[in-house]
Amino acid sequence: MMQFMLLFSRQGKLRLQKWYEAHPDKVKKKITRELISTILTRKPKMSSFLEWKDLKIVYKRYASLYFCCAIEQEDNELLTLEIIHRYVELLDKYFGSVCELDIIFNFEKAYFMLDELMVGGEVCETSKVNLLKAIAAQDLLQEDEIVEMALRDMGLI
């Protein structure tokens, strides 16, 4: 089971975090700070897997963003890399070559995509087609709500 996923920039700025295990905010900040500094100091040719406390850390850099996951000792690192890659593929498909600014300005959409892919630290949907359908349906729902609010504001409803 995945414990958490972090997305951060090359400058060490946290862009997205999803925790599947409960931790106090102080502990989350300490873990985040420690992992970001550890990963950023590693050389590009080094392995994307590392042992950290009682967890395995799996990370991958895409352009200026690092995607980092913490998994339990018995979990498969390569499968976790595939999950990261699937998430990046979804982001790419939706945003068209995703970049850091897409995550910053559309973080709610990035969280929604991650929530469609994973529930409680486990993969719940693997089909890109099904995931993209769910995302498109959510976009339509949001558009309908925006139109309804605008009509209410104009006094037409």
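Where is Glu100 found? Glu100 sits in helix H3 (residues 100–105). Keep that residue in mind; the tour comes back to it.

**Before you start**

This is a predicted model: local features need pLDDT of at least 70, side-chain atom pairs count only at pLDDT 80 or more, and totals for chains, interfaces and linings use all residues. Residues are numbered from 1 along each chain as its sequence is written, and side-chain values use heavy atoms, with hydrogens and water left out.

**Stop 1: the whole protein**

Show the protein as a cartoon. It has five helices and seven strands. Helices (H or I, at least four residues) and strands (E, at least two) are DSSP runs, numbered from the N terminus. Follow the sequence and the pattern reads β-β-α-β-β-β-α-α-α-β-β-α.

Now show the C-alpha trace. Along its principal axes it spans about 60 × 30 × 30 Å. Of the 157 residues, 35% are buried. Buried means under 20% relative accessible area, exposed means over 50%, and partly exposed lies in between (1.4 Å probe, protein chains only).

Contacts tell another part of the story. A contact means heavy atoms within 4.5 Å. Take the contacts between residues at least 6 apart in sequence: 48% of them join residues at least 24 apart.

**Stop 2: Glu100 and Arg15**

Select Glu100. Its relative accessibility is 13%, so Glu100 counts as buried. Leave out residues up to four places away in sequence, and Glu100 touches Ser9, Gln11, Arg15, Ser64 and Leu65.

Next, select Arg15. This residue is in strand E2 (residues 14–19). Arg15 counts as partly exposed, because its relative accessibility is 27%. Show both side chains. The side chain of Arg15 makes a polar contact with the side chain of Glu100, at 2.8 Å. A polar contact is a pair of N or O atoms within 3.5 Å; within protein, one must be able to donate a hydrogen and the other to accept it, and residues adjacent in sequence count only if both atoms are side-chain atoms.

Which other residues does Arg15 contact, leaving aside its neighbours within four places in sequence? Besides Glu100, they are Leu7, Phe8, Ser9, Leu65, Ile103 and Ile104. Arg15 and Met1 are 14 residues apart in sequence, and their C-alpha atoms are 22 Å apart.

**Stop 3: H2 against H4**

Select helix H2 (residues 77–95) and helix H4 (residues 107–117). They pack at an angle of about 135°, with their axes 10 Å apart. Axes are lines fitted to C-alpha atoms, for helices over the stretch in contact, and angles run from 0 to 180 degrees between N-to-C directions. H2 and H4 are therefore oblique to each other. Angles under 35 degrees count as roughly parallel, over 145 as roughly antiparallel, 65 to 115 as roughly perpendicular and the rest as oblique.

Show the side chains where the two helices meet. From H2, pick Ile83, Arg86, Tyr87, Leu90, Leu91, Tyr94 and Phe95. From H4, pick Lys109, Ala110, Tyr111, Met113, Leu114 and Leu117. By class, this contact of H2 with H4 has 11 nonpolar residues, no polar ones and two charged. Ala, Val, Leu, Ile, Met, Phe, Trp, Tyr, Cys and Pro count as nonpolar, Asp, Glu, Lys and Arg as charged, and the others, Gly among them, as polar.

**Stop 4**

Beyond its neighbours within four places in sequence, Leu81 contacts Phe49, Val58, Tyr59 and Lys60.

**Stop 5: two loop residues**

Most residues other than glycine have a negative phi. Select Ala63, in the loop between strand E4 (55–62) and strand E5 (65–72). Its phi is near 55°, a positive value. Ala63 is exposed, with a relative accessible area of 62%.

Finish at Ser97, in the loop between H2 and H3. The phi of Ser97 is near 60°, also positive. Ser97 counts as exposed, at 59% relative accessibility.
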